[in-house]
Amino acid sequence: MSAPVTPLPTRAEAPATPRAAASRPPRADALPTRRWILDLTAVGLLLLIPVVGFWPTFDGAGYLVAALGGLVLGMGLGVLGRLFRWGILLLTAATVVVYFLLGGALALPHTTVAGVVPTIETLRQLALGAVMSWKQLLTTIAPVATGDGHLIVPFILSLVAAVLTTSLALRLRGAAWAVLPAAAFLAIEIALGTSEPFVPVVQGVVFGLVAVVWLALRQAWQPQAAAISVGEGSARSGAGVRRVLMGAAVVAIAAVVGVATSGFAAPSSPRYVLRDVVIPPFDIREFASPLQSFRAYVRDHPEEPLFTVTGLPEGARVRLATMDAYNGTVYNVSDDGSGSSSAFAPARTNMSSDAEGTPATVHVEIGELESVWMPDAGAVRSVTFDGARADDLRRTAHYNEATETGVVTLGLEKGDEYTLDAVIPEVPSDEALADQAFAPLKMPKQVGVPETLADIASKTVAEAETPVEQVRALQQMLSEGGFFSHGLAGQPLSRAGHGAERIATLLGSEQMVGDDEQYATAMALLAGQVGIPARVVMGFYPDEDAAGEPVYTATGETVHAWVEVAFDGAGWVPFDPTPPEDQVPSDQTTKPKADPKPQVLQPPPPPAEPVDLPPTVADDRGSEDENAFDAGLLWTIISIGVGLLGLLAVLLAPFIVIGALKATRRRKRRESERASDRISGGWDELVDRASDFGAPVRPGATRQEDAGVLTAAFAEPRVATLASRADLEVFGPTDPSPDDIEAFWAQVDEIVGGMGKGRSVWQRLGARLSIRTLLEGTRFALPARPARSAPPARTTQPAAAALHDPAMPKNPTRRSRRGSKTPSAPERSAHPPQENA
């Protein structure tokens with residue numbers, strides 16, 4: 001009988017000299033210093049590219065605090081996870097804790113105490129922001145403000161990308177897999193960014209350059225690349241480094257040339273990003289001109305409060321809408337032309353950045369006004385909605401900085417409130433405008449203007465010498481030569497509307513009679529005939545006797561329309577062409593006949609009975625408001641719940657997948673087609689579960705070697721007996737019976753069940769969710785754990801007896817650990833397993 005062949009010691013097992021032992025790293029999987037420096041530097045550069053790419057998306061460099069903070073924290077977590085060998089569970093938990101503890105200080109400082117300590121509001125916004133902040137960022141026109149929760153997006157992206165990229169770079173042999181999270185971060189940043197095509201080209205080229213150099217250096221520093229003779233290795237190593245540097249130089253030159261040529265060859269059309277898809281197209285033509293409802297406000301709400309304004313500076317006006325396009329029937333807000341409505345964008349907190357004037361904080365509370373046009377004052381920098389519908393109003397609010405017009409597509413209703421941070425411009429005097437020319441603006445082309453207006457305008461401004469004198473001539477011709485009337489009961493006849501026929505009749509009659517609607521339209525059309533850039537504004541402002549009051553109540557009696565003219569260097573200046581209200585025509589023939597008066601006045605008496613119904617109507621409206629409030633509160637609670645559940649589902653998804661993979665692996669081992677494979681599968685299940693608990697088992701070791709490691713790790717003497725039984729069953733002359741298989745698996749389950757005794761809940765949970773054994777045998781396999789103590793002597797008598805049994809086939813083939821085909825026992829002894837490089 002020949003003695004069993006002793007396996008040759010591998011490089012890891014070879015006895016070390018005292019000098020080698022002193023210079024050897026403390027752990028087998030420790031990384032050299034140059035590897036740490038290279039990987040961390042490359043990861044930082046790769047992630048810094050998408051961080052800088054967010055610059056056009058945000059208003060200023062304030063976002064860098066959140067983005068760079070998330071990058072540093074994520075890389076720190078990746079380093080700690082590598083040093084302390086954290087599994088996916090601990091690393092994910094640490095990332096979530098860091099997100100909630102430090103996310104407030106970096107992304108939501110205005111919700112924290114002293115800018116650092118998170119509050120309940122901070123945690124709520126962070127939980128919701130993980131799900132909702134993406135939509136908020138995409139539905140806001142860039143550049144967006146650093147407030148409103150928008151900083152959550154760069155913070156969470158840089159944090160997660162840094163954790164994944166750093167962990168993969170420090171743990172895997174192939175650095176190419178670590179590039180994937182960084183590339184995903186870059187792709188998401190570009191998709192969330194702007195339509196500027198040049199910046200993504202630069203980002204992609206720099207990203208590719210850094211990745212190529214990093215991968216080349218990692219490949220040159222691989223252990224197998226250095227496994228050559230010293231002299232030859234030094235020469236080849238130097239040549240390899242030179243090739244890497246030369247290749248990097250070639251890539252750099254190509255990148256510079258490509259970027260330079262792309263600047264000239266890039267198409268003029270914008271690049272489409274997610275923001276172009278998510279934000280629905282805004283068409284102002286869907287909404288009727290507010291000037292059409294001018295008489296309705298005067299007639300139906302003469303004293304009813306349409307809305308109230310608090311904080312309006314003295315002399316300031318409340319703008320409802322600005323109209324600069326005429327089609328012969330109505331003056332409307334346009335969607336083309338310089339300084340027109342083409343600049344409508346979702347409301348945000350960084351609007352009108354170039355506006356100059358007196359800052360003011362104006363609070364508006366909507367009453368009977370039911371309109372999509374949002375009352376505002378001056379140049380609005382930000383708008384903050386309050387009340388039950390605040391979030392819906394914010395998402396549907398649009399503002400045009402050029403015309404200072406706000407639109408809420410959802411529509412304003414009674415009870416809505418919002419606060420404006422505005423700048424009230426100063427109105428220059430005629431002396432200040434004496435030397436100012438008209439602004440060179442391209443106004444929308446006026447269509448359907450009566451032909452007679454050109455002659456009237458030319459004659460009116462013929463004697464004026466300066467631009468402001470021309471405007472005053474048109475204003476005075478209307479305000480001093482016309483008469484005022486709304487055309488209501490008891491007033492001189494004055495038809496509503498501002499179509500071409502109505503304006504031609506107004507200017508062609510012996511006595512011009514009308515109100516703000518007709519006079520403002522007439523002056524703007526006359527100005528356009530002589531090349532004056534003019535537009536019509538409809539809004540509200542208090543009467544002279546009510547000016548200066550702290551609270552201004554807008555009613556139908558205080559609605560007005562005026563004209564604004566653009567002067568170079570002074571902006572849009574208001575002019576009032578409407579005659580005073582006490583300037584009425586002396587000819588009574590312009591009034592309605594006396595007979596129709598009783599018919600006009602008769603309808604009010606029948607509704608006298610329903611006059612007592614306002615309390616009921618008010619109560620109904622109140623209940624509706626309460627229901628709306630309850631619905632809004634319920635929707636908020638549901639949104640928070642859905643957000644938390646979604647975040648929980650995302651966090652638990654890897655754990656569910658891991659559990660399912662392990663359960664599938666166990667089932668396949670238990671139900672293998674061959675009986676011997678079920679025995680070897682049971683042993684593999686035992687070793688894998690022990691490895692999940694931290695036992696330092698080695699890939700390729702024999703069952704007796706594994707038994708020695710498991711016995712030392714768990715103080716379980718039955719493991720050695722089970723290993724010998726597995727060898728006899730697998731290499732024996734006959735296949736094991738079903739009862740033998742059931743008994744073997746029962747003993748495996750009993751030993752596995754005892755592995756968790758004396759361990760904490762977190763250790764048991766970490767063992768169940770460990771992915772070490774799932775990755776074994778793949779390119780992502782984790783480094784082997786260092787042995788905690790010397791393994792016991794090998795006990796191979798049972799296996800040896802089985803090997804020399806004359807009844808055993810000479811070349812049996814069984815499925816060994818990890819389900820791979822291995823040679824028979826004598827062949828395995830002749831070719832001992834080797835350590836992975």
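Strand 9 and strand 12 (residues 417-424) run antiparallel and are joined by seven bridges, where strands (E, at least two residues) and helices (H or I, at least four residues) are DSSP runs numbered from the N terminus, and two strands pair if DSSP finds at least two bridges between them. The model is a predicted one, in which local features need pLDDT of at least 70 and side-chain atom pairs count only at pLDDT 80 or more, whereas totals for chains, interfaces and linings use all residues. Residues are numbered from 1 along each chain as its sequence is written, and side-chain values use heavy atoms, with hydrogens and water left out.

**Overall figures**

- The protein has 26 helices and 20 strands, and of its 837 residues 42% count as buried, where buried means under 20% relative accessible area, exposed over 50%, and partly exposed in between, with a 1.4 Å probe and protein chains only.
- Among contacts (heavy atoms within 4.5 Å) between residues at least 6 apart in sequence, 76% join residues at least 24 apart.

- Five strands form an open sheet in the order 9-12-6-1-16, with antiparallel pairing; strand 9 (379-386) and strand 16 (551-554) are the edge strands, each pairing on one side only.
- Neighbouring strands of this sheet are turned by 20° against each other on average, with direction ignored; the axes behind such angles are lines fitted to C-alpha atoms, for helices over the stretch in contact, and angles run from 0 to 180 degrees between N-to-C directions.
- Thr 384 has Thr 419 in strand 12 as its bridge partner.
- Strand 1 (residues 307-310) is joined by four bridges to strand 6 (residues 358-366), the two running antiparallel, and Phe 307 stands opposite Ile 366 in strand 6.
- Strand 1 also pairs with strand 16 in the antiparallel sense, again over four bridges, with Val 309 standing opposite Tyr 552 in strand 16.
- One face of strand 1, made up of Phe 307 and Val 309, is covered, whereas the other, with Thr 308 and Thr 310, is uncovered.
- In a regular strand the side chains alternate between the two faces of the sheet.

- A second open sheet has four strands in the order 5-10-11-7, with antiparallel pairing; its edge strands are strand 5 and strand 7 (373-374), each of which pairs on one side only.
- Strand 5 (residues 344-346) and strand 10 run antiparallel and are joined by three bridges; Ala 345 stands opposite Tyr 399 in strand 10, and the bridge partner of Pro 346 in strand 10 is His 398.
- Strand 10 pairs in the antiparallel sense with strand 11 (residues 405-408) over four bridges, and here His 398 stands opposite Val 407 in strand 11.
- These two strands, strand 10 and strand 11, form a hairpin with four residues between them, and Glu 404 in its turn has a positive phi of about 55°.
- From strand 10 (residues 397-400), Ala 397 and Tyr 399 point one way and His 398 and Asn 400 the other way, and all are buried.

**The hairpin of strands 17 and 18**

- Strand 17 (residues 559-567) and strand 18 (residues 571-575) pair in the antiparallel sense over five bridges, and the bridge partner of Ala 566 in strand 18 is Trp 572.
- Three residues lie between the strands of this hairpin, in which Gly 569 takes a positive phi near 90°.

**Helix 15**

- In helix 15 (residues 500-508) the residues Ala 500, Arg 502, Ile 503, Leu 506 and Leu 507 are buried; they lie on the same side of helix 15 because they cover an arc of only 165° around the axis, the arc being that of the directions from the helix axis to the C-beta atoms.
- Among the elements that cover the buried residues of helix 15 are strand 3 (325-326), helix 13 (452-460), helix 14 (467-481), strand 14 (512-514) and helix 16 (516-529).

**Thr 111**

- Thr 111 is found in the loop between helix 4 (88-107) and helix 5 (120-138), and with a relative accessible area of 10% Thr 111 is buried.
- A polar atom of the side chain of Thr 111 lies 2.8 Å from the backbone oxygen of Leu 108.
- The side chains of Thr 111 and Thr 122 are joined by a polar contact of 2.7 Å; a polar contact is a pair of N or O atoms within 3.5 Å, of which, within protein, one must be able to donate a hydrogen and the other to accept it, while residues adjacent in sequence count only if both atoms are side-chain atoms.
- Not counting residues up to four places away in sequence, Thr 111 touches Thr 119, Glu 121, Thr 122 and Gln 125.
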